[in-house]
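Welcome! Take a moment to look over the structure below, then read on for a short tour of how its parts meet.

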Protein chains: 2
Amino acid sequence: MDTGFAPERGKVGMWPEGAAYLDGRFMPLAEAKIPITDWGYRRSDVTYDVVSVWDGAFFRLPDHLARFRRARNELRLKPDEDDAAIRAILHELVRRTGLKRAYVAMDCLRARPPKGVPFSPLNARSYLLAFACPYVWLFAPEVIERGIHAIVAKTPRVPPESIDPTVKNFNWGDLTRALFEAADAGADTAILVDRDGFVTEGPGYNVFAIRDGRVVNPDRGALEGITRKSVHELCDELGIALEVRKLPVEELRDADEILFATTAGGVMPVTRLDGRIYGNDRPGPLSARLRERYWARRAEGWHAEPVEYGEG
Amino acid sequence: MDTGFAPERGKVGMWPEGAAYLDGRFMPLAEAKIPITDWGYRRSDVTYDVVSVWDGAFFRLPDHLARFRRARNELRLKPDEDDAAIRAILHELVRRTGLKRAYVAMDCLRARPPKGVPFSPLNARSYLLAFACPYVWLFAPEVIERGIHAIVAKTPRVPPESIDPTVKNFNWGDLTRALFEAADAGADTAILVDRDGFVTEGPGYNVFAIRDGRVVNPDRGALEGITRKSVHELCDELGIALEVRKLPVEELRDADEILFATTAGGVMPVTRLDGRIYGNDRPGPLSARLRERYWARRAEGWHAEPVEYGEG
C-alpha cells in the first residue's frame, strides 16, 4: 500500500489541542477552516469517517479507511491522496497532538465548480481534510456509567433510497430534529425509526436490543458501524446469540436491555427508553459484559495499529 | 424595524469579486471560512436564504427575511443580529461589491458546544454569515434561452416528515444524487418525486406543469419559493389559471409545457424531460410569456428595494 507519500513531519505533541490537515497542509485544528462557498458545506456534499486512538493505537484503521474509500466512490469524491497517504496523514496528525487517546476524523468534500462552468458536481474538484483531537465522548463517561436515557423520536429517519446511511454523511437534519425532541423530553438522545416502524440508528451510534440472552441488531437503514461490527465479533467470542435483521420498534421497547455502539464512546448501555426503566435503572448484565469485554479487548491490543509517534 | 444597528461602512465597490460578513466582521468573500468542527458544516445544522439584486435593487427582501426568520426559529438557531441588522448587513455587503446584479446569501449556522458540556444542539451558540457576489445563474443564460433539459430522478426526495423542505437547508444528499443521475443521462438537471409519485422540486428550484392553459404547482414537499410566489402573482396578473395542489409525475410528463422558478435564474422554461421533447424543443408560449413578464416587472421595480449604495 506504500506509494512513497511521506507527510512533512512536525514535532511530537506540538499541537495537543488538536492538529488538522487541510487541502495539503498541516495546521493547528483551531486554524482549520473551509470556504463558505464550498459545496461540502453549502450542499453537505461530503463524506467522512472517524477512527479512535486508545492508549497510543488506532482501532481498526484498515476498516475505517476501506469504508471511507467506498463512501468517496459512491459520492464520486476524488481527493489527491490515496489510502496510503491518508493513513500516513492520520498517523502524523496524532503524532503532532502527542495524544494517546484521540478522536481522528477524515472528511472528503466537494469544492465548487470554477467560474463559467456549469453548476454540476462533476465540474468541481474535491479535497481531503482530517483532524485529530482529544478523544470525544458522544455521551459523558458518567452518563455511560449511569446508563443512557433515550426516547424513540417522532421524526422518521431519512429513507436509504433518498440518502444512503451506509455512506457516512452530514445530512443530519432528521437526527438534529430528533435530538431536540430528546432534549425537550429530558432525555440524552433519540432513536430513529423508519416509516415502516423498524429501528434504524441514533445520532452517531448503532442500536442493539437484547432479549432472552439474544442480541438483535438492525440489518438496514443504518451506518455499518465499525464498533457495531466489533460488537458482532464480541458476541461470537462470548458465545452470545446474535441476530442481524429488521428490528420492530415494539421489540426494542420490550427488550430486556438496550445497547448503543459508536467510535466516540464504545459500547454504551441504555437504561431508559421513553420513561420505561430497564434493569432496575442500571446497565443490564449482557450490556455490561459486552462493554467490559470491548474495553478489555482494546487494552489487549485487539485490531490495534500503534501510532507512529517516532522521535520528537 | 430600526433597532439602531449600523454596520461599519466600507467603500462602495471595494470588493467587486464578493463581500462577506461572518460572525460580526466584514471581509472579502475569498477570506470567509468556517471552522471544520462547527456543526453548521459537521451536521449541516444550518438554514439559509438567498435574495437577488437586479439593476441595483433587492427583490422581495422582506419576504426573504421573513422566511429566513421562520427557518431559524424552526431550527432554534438564534444569531445575535435581528432582522433590521441583517437587512442593514445585506445592504452593506452589496455596497461593498458595488454590484448592480448580485446573488446575496445569508446563513445561520450552529457552532458547537464548548468543552465539557453535553453534546446537545441546545448547548451550542449559533451565528450569522452572509455574502454578496456577482449574480449566480443556476443554469447558464444560454441554457435557459435554449430551454432546460431535465430528467425525473430515480432518487426520491427526502420526506418532509424527516427534513422539512420549507426550512431551506443544505441537506442536499438526495439532490446531489439526482444531479449525478442527470449528468449521467446527459441532462442539465433532475426533478425529484416523493415516494407516492408526486412531484416535489429540483436542486434549487420549484417546478410547474402547464396543460391546456392552466399552470399547476405542487403544494407540498418543496420549498415555498419566493420566485414561485412571484409566478403565482404573475399568473393572477395575466389571467392565467393556477392550481396549487399535488402534481402526479405522470401529469408532469403529459404537460404541454414545464417551467422552473428560482432566485438564481428567475423563470426558466424546460424543453425536454427524459428525452420527451416539448414545444418543438423551444420554450412554450405560456412559459415564454411568464418569463418575459417576470423580467419586465422586475425592470419596472416590482417588489424592489433599492440598495443603499450611498456615498463612496
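Here is a briefing on two interfaces, one inside a chain and one between chains.

This is a predicted model, in which local features need pLDDT of at least 70, side-chain atom pairs count only at pLDDT 80 or more, and totals for chains, interfaces and linings use all residues. Residues are numbered from 1 along each chain as its sequence is written, chains are lettered from A and ligands numbered from 1 in the order in which they are written, and side-chain values use heavy atoms, with hydrogens and water left out.

**Two domains in chain A**

- Chain A is split into domain 1 (19–135) and domain 2 (141–299), with bounds that come from an automatic or database domain assignment.
- The C-alpha centres of these two domains of chain A are 26 Å apart.
- In chain A, 22 residues of domain 1 are in contact with 22 residues of domain 2 (contact means heavy atoms within 4.5 Å).
- Together the two domains of chain A bury about 1900 Å², 56% of it on carbon and sulfur atoms; buried area is the accessible area (1.4 Å probe) that two parts lose on being put together, summed over both.
- Tyr48(A), Arg60(A) and Arg67(A) supply 34% of the area that domain 1 of chain A buries against domain 2, more than any other three residues.
- Three salt bridges are found across this interface of domain 1 and domain 2 of chain A (a side-chain nitrogen of Lys or Arg within 4 Å of a carboxyl oxygen of Asp or Glu).
- Lys229(A) forms a salt bridge with Asp63(A), and their closest N and O atoms are 3.4 Å apart.

**Two chains, A and B**

- Chain A superposes on chain B by a rotation of 180° with 0.0 Å of shift along its axis (RMSD 0.0 Å), using least squares on the C-alpha atoms of residues with pLDDT of at least 70 in both.
- The two copies are therefore related as by a two-fold rotation axis.
- Because 100% of the interface residues of chain A are also interface residues in chain B, the copies meet through the same surface.
- The contact takes 54 residues from chain A and 54 residues from chain B.
- About 4700 Å² is buried between chain A and chain B, and carbon and sulfur atoms give 60% of that area.
- Ile36(A), Tyr41(A) and Arg42(A) supply 16% of the area that chain A buries against chain B, more than any other three residues.
- Eight salt bridges cross the interface of chain A and chain B.
- In a salt bridge, the side chains of Lys115(B) and Glu17(A) meet at 3.2 Å, N to O.
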